[in-house]
Amino acid sequence: MILFLAARKLIVRLLVFGLLMNACDQKEKNGDLLSEGEKRHRDYIRKIPGKDEHVPEEVLAKGEVLIAYAGCYDCHKIDKKSKGPAFKDIAKRYPIQPVYRDLLARKIISGGFGSWGNPVMAPHPHISMENAQTMVYYILSLEYED
Ligand code: HEC
C-alpha cells in the first residue's frame, strides 16, 4: 500500500506538479471525514449533517453536460453503484456547501480513494477547478434536503 501510494504520488508529480499540494491538502481533509465506525465498515456511508444550499438551475444544467462529456459515467451511475459510488449516494452523503464542493472538486481533479471502499478514482488533471465545482453541484443536487 505504501509503495502504491509512493508510485501514485510520483505519477501525479510528473503529470501535474502544481496539483500535488492540492492532493495532499485534500487527503488530509478527507481523513477528517471518516468516523471510526466508517474505518471499520468501509461500505457504511455516514451522512454528513447540514443544509443544502440553493444552486441556480443553469449551474446544474451545465454540470450535467460537463459530466456527460468527461467520461464520468464510465465508472459512475446515477442510481446504482458501479466502479464508483452512485451519484445519488454521494448526494445523500454531502450537504451542498462550499467546503464539500471544493473538497470533492479537488478529488475529481487529483483522483483519490478511501472514502467509499477500495476502488480508486483516476485523476482528471485537465478539468478546471471551476468546471469540477460545477460538476459537484450537479451531483449533489440529485438529492436535495432542506
Ligand atoms: C476510473 C473510474 C472513475 C472515473 C472515470 C470517475 N470516477 Fe469518481 N469515483 C470513482 C471511485 C472508485 C470513487 C470512490 C473513491 C473513494 O472511495 O474515495 C469515486 C468517487 C467520486 C466522488 C466522491 C468522492 C468522495 O470523496 O466522496 C465524486 C464526487 C466523483 N467520484 C465524481 C466523479 C466525476 C465528476 C467524474 C468525471 C469527471 C468521475 N468521478 C470519474 C471512480 C471513477
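Predicted model: local features only at pLDDT ≥ 70, side-chain atom pairs only at ≥ 80, totals over all residues.
Around the ligand stand 30 residues, and the closest of them are Cys72, Cys75, Gly84, Ser115 and Met121; a residue is counted here if its C-beta atom, placed from the backbone, lies within 6 Å of the molecule. This shell divides into 18 nonpolar, nine polar and three charged residues, where Ala, Val, Leu, Ile, Met, Phe, Trp, Tyr, Cys and Pro count as nonpolar, Asp, Glu, Lys and Arg as charged, and the others, Gly among them, as polar. Helices H6 and H7 each supply at least two residues of the shell.

Residues are numbered from 1 along each chain as its sequence is written.

The protein chain contains seven helices and zero strands, so that its pattern, read along the sequence, is α-α-α-α-α-α-α; helices (H or I, at least four residues) and strands (E, at least two) are DSSP runs, numbered from the N terminus. Of the 146 residues in this chain, 21% count as buried, a word that applies when 20 or more other C-beta atoms lie within 10 Å of a residue's own, whereas a residue with 12 or fewer is exposed and one in between is partly exposed, the C-beta atoms being placed from the backbone. Among contacts between residues at least 6 apart in sequence, 68% join residues at least 24 apart, and two residues are in contact if their C-beta atoms, placed from the backbone, lie within 7 Å.

Helix H7 covers residues 129-140, and its 12 residues reach 16 Å from the first C-alpha to the last, close to the 16 Å expected at 1.5 Å a residue; the expected span is 1.5 Å times one less than the number of residues. In H7 the buried residues are Ala132, Thr134, Met135, Val136, Tyr137, Tyr138, Ile139 and Leu140, and what covers them includes helix H4 (57-69), helix H5 (87-93) and helix H6 (98-110).

H4 deserves a separate look. Its 13 residues should span 18 Å at 1.5 Å a residue, and its end C-alpha atoms are 19 Å apart, which agrees. After H4 comes Gly71, which has a positive phi near 80°. The axes of H4 and H7 come within 7 Å and cross at roughly 105°, which makes H4 roughly perpendicular to H7. On the H4 side the contact is made by Val59, Leu60, Lys62, Gly63, Glu64, Leu66 and Ile67, and on the H7 side by Asn131, Thr134, Met135, Tyr137 and Tyr138. These residues divide into seven nonpolar, three polar and two charged.

Two residues outside the helices complete the tour. Pro119 lies in the loop between H6 and H7 and is exposed, because 12 other C-beta atoms are within 10 Å. Leaving out residues up to four places away in sequence, Pro119 touches Lys83, Gly84 and Phe113; the C-alpha atoms of Pro119 and Gly84 are separated by 7.1 Å, although the two are 35 residues apart along the chain. Glu143, in the segment after H7, is partly exposed, with 16 other C-beta atoms within 10 Å. Apart from its neighbours within four places in sequence, Glu143 is in contact with Lys88, Ala91 and Lys92.

Definitions and conventions. Axes fitted to C-alpha atoms, helices over the stretch in contact; angles between N-to-C directions. Parallel < 35°, antiparallel > 145°, perpendicular 65-115°, else oblique.
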